[in-house]
Amino acid sequence: MAKKKNRANNSRSKNKKMFSTWHAVPLKGSFMATAMAGFFISAYYVFPQSFNYGIAFMFLFALMFIAAIISTTKAPIVNERY
């Protein structure tokens, strides 16, 4: 009888890369612009119509803005020479 190879464990160990520290990913500028525009639209249009949805959307867009700020300060500089 032939031996069965355990391919799941073998491929997992080869492709597994563990990072020792946390790395920020560079985000596009449009992500920050969307976060700011979404927050203001939520504050002026959604919040007066529905309190719960207004708070939820403002919270979501505030988190997006914080992620964009972290991305601009902590992300590595990418060299794009073409």
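The following questions and answers concern a predicted model of one chain.

User: How are residues numbered, and which confidence limits apply to this predicted model?
Analyst: Residues are numbered from 1 along each chain as its sequence is written, and side-chain values use heavy atoms, with hydrogens and water left out. The model is predicted: totals for chains, interfaces and linings use all residues, side-chain atom pairs count only at pLDDT 80 or more, and local features need pLDDT of at least 70.

User: What is the order of secondary structure elements from the N terminus on?
Analyst: Helices (H or I, at least four residues) and strands (E, at least two) are DSSP runs, numbered from the N terminus. The chain has three helices and zero strands. From the N terminus on, the order is α-α-α.

User: What percentage of the 82 residues in the chain is buried?
Analyst: Buried means under 20% relative accessible area, exposed over 50%, and partly exposed in between (1.4 Å probe, protein chains only). In this chain of 82 residues, the buried share is 13%.

User: Among contacts between residues at least 6 apart in sequence, what share joins residues at least 24 apart?
Analyst: A contact means heavy atoms within 4.5 Å. Of the contacts in the chain between residues at least 6 apart, those joining residues at least 24 apart make up 65%.

User: What distance does helix α3 reach from its first C-alpha to its last?
Analyst: Helix α3 covers residues 51-74, which is 24 residues. The expected span is 1.5 Å times one less than the number of residues. For α3 the expected value is 34 Å, and the helix comes close to it, reaching 34 Å.

User: Which element do the buried residues of α3 pack against?
Analyst: The buried residues of α3 are G54, M58, F61, M64, A68 and S71. An α-helix has 3.6 residues a turn, so residues three or four places apart point the same way. The buried residues of α3 pack against α2 (29-49).

User: Is S42 buried or exposed, and which residues does S42 contact beyond four places in sequence?
Analyst: S42 is in helix α2 and counts as buried because its relative accessibility is 3%. Its side chain reaches the backbone oxygen of G38 at 2.7 Å. Leaving aside neighbours within four places in sequence, S42 is in contact with F47, F57, M58 and F61.

User: Which element gives the largest share of the nonpolar patch?
Analyst: Patches use residues with over 30% relative accessible area and no salt bridge, joining like charges within 9 Å and nonpolar side chains (Val, Leu, Ile, Met, Phe, Trp, Tyr) within 5 Å; a salt bridge is a side-chain nitrogen of Lys or Arg within 4 Å of a carboxyl oxygen of Asp or Glu. Here M36, F39, F40, I41, Y44, Y45, F65 and I69 form a nonpolar patch with about 830 Å² of accessible area together (Shrake-Rupley method, 1.4 Å probe; for residues, only the protein chains shown count as cover). The elements giving two or more residues are α2 and α3. The largest share, six residues, comes from α2.

User: Why does I41 count as partly exposed?
Analyst: I41 sits in helix α2. I41 counts as partly exposed because its relative accessibility is 48%.

User: Which residues does S71 touch beyond four places in sequence?
Analyst: S71 belongs to helix α3 and is buried, with a relative accessible area of 6%. Not counting residues up to four places away, S71 touches V25, P26 and L27.

User: What separates the C-alpha atoms of T73 and P26?
Analyst: T73 lies in helix α3 and is exposed, with a relative accessible area of 57%. T73 and P26 are 47 residues apart along the chain, and their C-alpha atoms are separated by 9.3 Å.

Note on methods: A polar contact is a pair of N or O atoms within 3.5 Å; within protein, one must be able to donate a hydrogen and the other to accept it, and residues adjacent in sequence count only if both atoms are side-chain atoms.
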